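Subject: Handover of a structure and findings

Dear colleague,

I am passing on to you the structure shown below. My findings follow it, and I would be grateful if you could read them alongside the sequence.

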Amino acid sequence: MFSIPSKERQPKVEWPLLLAITALMVIGVAFIYSATMANESSGVTSWYRQRFFMQCVWYLFGAIGAGLICLVDYHLLARWSLVAYWATILLLVMVLIPGIGATHGWGARRWIDLGVFQAQPSEFAKLSFIVAMANFLSRPEDELRLRPIFWKALGMTVLPFLLIMKEPDLGSALILLPVGLTMLYVAGIPERYLRNLVGGFALLIALLVANILFAPPHWQIKMEEYQKRRLQVYFGRDFIPANATAAERQDARKQQRNYSYNVDQALISVGSGGMMGKGWRHGTQNALGYLPRAVAHNDFIFSVIAEEKGFMGSVVVLTLYSVVLFTGIRIAGQTRDRLGKLLAVGVVAMFFSHVFINIGMNIRLMPVTGVPLPLLSYGGSSVLCSLIAAGILQNVYIYRRSY
Amino acid sequence: MLVFDQLKKNDPHLRVITWGVLIGLAVLFAGLWFVQVISHRHYAENQKAQSFRTVRIPAIRGKILDRNRQPLAENQPSYNVSLYLDELREQFKDEWQRNRPKGKLTRSERMLLEPQARYRVVNKVVQKLGAGLDQPLGMDFGQFLRHYTNQLALPLLVLTNLTPVQIARFLEQSGNPPGMDLEVQPLRVYPHHTTAAHLIGFLIQDNSSAVDEDAFFNFRLPDYRGVVGIEGKFDQELRGKAGMKSVLVNNLGYRQSENIWTPAEAGKNVVLTIDLAIQQAAETAMGNAHGAAVVMDPNNGNILALVSSPAYDPSVYVPRLTPEEALKLSDERLRPQINRATQENYQPGSIFKIVVALACLENGLDPEEKIYNPPNPADPGHGHIVIGHHSFKDTAPPGEYNFKRAFIRSSNTYFITNGLKCGVEKIVQIGQRLHLGERAGLPTRQEVGGNFPKAQDLKRGWFPGHTANLCIGQGAIDVTPLQVAVMLAAIANGGKVLEPRLVDRIEPQGPLADESITRFPPNPPRGELGVRPRTLQIIREAMLADVEDEREGTGKAAFVQGMHICSKTGTAQVKDVHGNTIDHNTWFASYAPFGDSPRYVVIVMVEGGISGGGTCAPIAQKIYRALQYQESQQKSKPAAMARIP
């Protein structure tokens, strides 16, 4: 009987997680400052409208969100998950409607304008997807072996995936696949289903890539031109038509350079950082505008960090993420119910996919897709979701024994 | 530990997940190691290549000074207005926003219209500057476009060589257009224009790197290279070492900041033996005559003045030669770029009789022995001599001639007779000791060697007529005025055949660091004349009489009270290919004063003159007067003497 109070005295807060996340937030603010304040025109804007300050505000809101999440037992949260899921599906549909969704001039309709805040429903869709999926898969083990359950789970993944693809936001959509797959795997769906699924996916992607790279123009699947080009650039192919005139050829080559420009410049940034980096706010790639200013503080924030802090800085960032990821896995291992485990695994999978795709894209391991780096990239939706996701981890940690 | 605890747990699913994350992070780690550590150099170089532009900054060219450190070539600040385009970027943007056509534009349309918008801004700014400076200014679209595409990182030169009034206005105006800056560039100037132009040489624009210099630059600021003369020969020393600055540019190519990596090292000054005052006096004395004058110190070979007339103004080459000036410089008749003192062959005429006299007197001629000069049947007032079938005219009247009279009347009969008696080999020997037919050794190498018979020339096809012709300085002989100066110096200084000396030292600009001065002490004499002092004495006395014998001296027009000038005049016939006389080159070869401490050799040569005594002697007189005046000035101002290093 003496063991119970000792269990109750177990810390309620997973400190490594909290510390790692705090450290990431500090780094985020510091380098968003570095990335945006180099731009001379930002000197005129008042400080409270600066990006680094806005990011602090998002951190604050995110922390409050995470705190609130922690107040409610995740078992209770899970019961509302379907509501959240369908609400985000509704938002994803709404964002496609021209009057409601905003394009921000990027050609993709990803934002819902809420006045002070441009919400990006695809970010929230990831979260509600994780919770709903975890809830759905936390049924008795026997049911998981049933085919309809598997198909339903697959449907739950594919619906937001397609909607986000439609925006189009290939990166965010693609995140859903590894997350869903990991959750299916950990939940204990029979492995042959998963094998078929993965095999099917691989085939599909291979076909898609082959189609883009090798098929004659009117046989190609309809994709946004820029998506296609990004992939072509990633695979190092030029998109010069065989019968192009010299002028067209030159034009195409120029376009090619423009498309691969971001990646090339990101690589130069990362590579020129060297071992120790050029020092905070001393990166030239960003200050001189070689790293495009529109992306330096969000999708390519890692380039800024890597250039200014070098390999050591990159390792620190990687280490902090690995602390978050492995704490998440540990929390998943400590839970006694499948819901908690699935929630934790879902969050870990989401974080990992973001980190891997984003950093990979900075060093040309991955094609350029607009995937933010959690907590470091500038952006309200991304920050809120990342912190709430961390809150979910913490929530699982707190309430894992209380059933 | 956090990671390995997971791997030990008995949960196969989580173990797989852990491995997956671990492998993923390891891949990222390895990728970052590869990019940031292994390939660091490659990317750092890429980064530098795209954001740094190196600019070559030419050094300030050294001066060319006379022996009293008076500048013959120096640098003057030239004030230019430059426009920094990077400071107009906001205006470019505004102009584009204001005047761009509505609607969506294709890429090529933008490429066409945007430069025009920029050009409008620049042109407006330049016009505004012009209004402020009271000088209508504009910018050519092509020029702007060239600058914008090729050297955006550099300022655009808007106006060069501002007048002092314009500089004052520019500095006073607070409302100068943005991005304008006043810049100073050293510009080569030749303060005395045509003075010593041939010696100084000239510059041409050449921005290329020197031999030991970094060869790669993105941009080069205008620089000059010396071509001939001192500017050419000592170009490396004068030019100094170019510096390098780097300009950091942004992704659009606009200048962001500048950083000087290696400052330019100023070139060194070249100090000549030339005396500006004497040079100018000699040039004035020459006037419009075409010809040359040399003033030399017979003790050490120092050239005090080297005049070639007509001369050109080396300033016309800076900043660049205009077509009209180029046309003037290539005038076939005037040939202003030829240094007549060193670069042209002239027949010496009677001044060569000095050499004949040396040979004869050394070989037993009794100076008092008289020779009869018979009258010329065609011209009874003058003598003549017949050698073979050819009759040589003599300008001297018929009668009895001893050495002195023959010398000052320049009797052809006397010198031909004695020259033939003595033998051409002996004459040629003396000439060779004087290094006739060879370059005198001027450091600028703008020289020809003249012509002089060699020993083997005398063995075949050489007849007494040739010797007779040589004895009066015609035929197989050509000299330059500089060679004649060396010859006269040898007579004056007792037989030392000197090498002309033009450059005294090369010293750094600015504060003198003694060890970095390169001195060029006089070279040892090239040879000795090897004649008895008595022979020299007889000739010197005859030469003195040439000026001071009031009755018969041909050079008496050069007489200067107190100078005791010793001279020999000459008038050489210039013949065309058919052997007809078409012109005369007249000579006055002299030194002063008579005696054991001669100080000056003065050679004057005029193309198309009437006679040596009539055309050249008055010019020489003016030069000697100037020399005398300078000596009197220096005597009265010993302090000024002391200043001369």
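Axes are lines fitted to C-alpha atoms, for helices over the stretch in contact, and angles between N-to-C directions run from 0 to 180 degrees. Please note that the model is predicted.

Two helix pairs in chain A

With that convention, helix α2 (residues 15-37) of chain A packs against helix α3 (residues 51-71) of chain A at an angle of about 160°, and their axes are 8 Å apart. Angles over 145 degrees count as roughly antiparallel, and α2(A) and α3(A) are therefore roughly antiparallel to each other. Their crossing is right-handed. On the side of α2(A), the residues involved are A:Met25, A:Gly28, A:Val29, A:Ile32, A:Tyr33 and A:Thr36, and they meet A:Arg51, A:Phe52, A:Gln55, A:Cys56 and A:Tyr59 in α3(A). Sorted by class, this contact has 7 nonpolar, 3 polar and 1 charged residues.

A further pair is formed by helix α15 (residues 301-334) of chain A and helix α16 (residues 338-362) of chain A, which pack at an angle of about 165° with their axes 9 Å apart. These two helices, α15(A) and α16(A), are therefore also roughly antiparallel to each other. Here α15(A) passes α16(A) in a left-handed crossing. Among the residues that make the contact are A:Phe302, A:Tyr321, A:Leu325 and A:Ile329 of α15(A), together with A:Lys341, A:Val348, A:Phe351 and A:Phe352 of α16(A). The residues of this contact divide into 16 nonpolar, 4 polar and 1 charged.

Chain B as a whole

Chain B has 645 residues, of which 42% are buried. It contains 21 helices and 25 strands. Of the contacts in chain B between residues at least 6 apart in sequence, 73% join residues at least 24 apart.

A sheet in chain B

Chain B includes an open sheet of 4 strands in the order β7-β1-β9-β10, with mixed pairing. At its edges stand β7 (219-220) and β10 (255-262) of chain B; each has a single partner strand, so one side of each is left without a neighbour in the sheet. Strand β9 (residues 243-249) of chain B pairs with β10(B) in the antiparallel sense, over 6 bridges. B:Ser246 stands opposite B:Asn259 in β10(B).

A glutamate in chain B

Helix α5 (residues 107-133) of chain B holds B:Glu114. A residue is buried if 20 or more other C-beta atoms lie within 10 Å of its own, and exposed if 12 or fewer do. B:Glu114 has 15 C-beta neighbours inside 10 Å, so it counts as partly exposed. B:Glu114 is 19 residues away from B:Glu95 in sequence, and the two are 9.4 Å apart in space, C-alpha to C-alpha.

Where the chains meet

Finally, I turn to the interface. In it, 34 residues of chain B are in contact with 37 residues of chain A. On the side of chain B that touches chain A, α1 (2-8), α2 (12-38) and α3 (40-51) of chain B each supply at least two residues. The most is given by α2(B), with 15 residues. By class, this side of chain B has 15 nonpolar, 16 polar and 3 charged residues.

With kind regards

How values were computed. Residues numbered from 1 in each chain as written. Chains lettered and ligands numbered in written order. Predicted model: local features only at pLDDT ≥ 70, side-chain atom pairs only at ≥ 80, totals over all residues. Contact = placed C-beta atoms within 7 Å. Nonpolar A, V, L, I, M, F, W, Y, C, P; charged D, E, K, R; others polar. Pairing = 2+ DSSP bridges. Parallel < 35°, antiparallel > 145°, perpendicular 65-115°, else oblique. Left-handed = near helix turned anticlockwise from the far one by under 90°.
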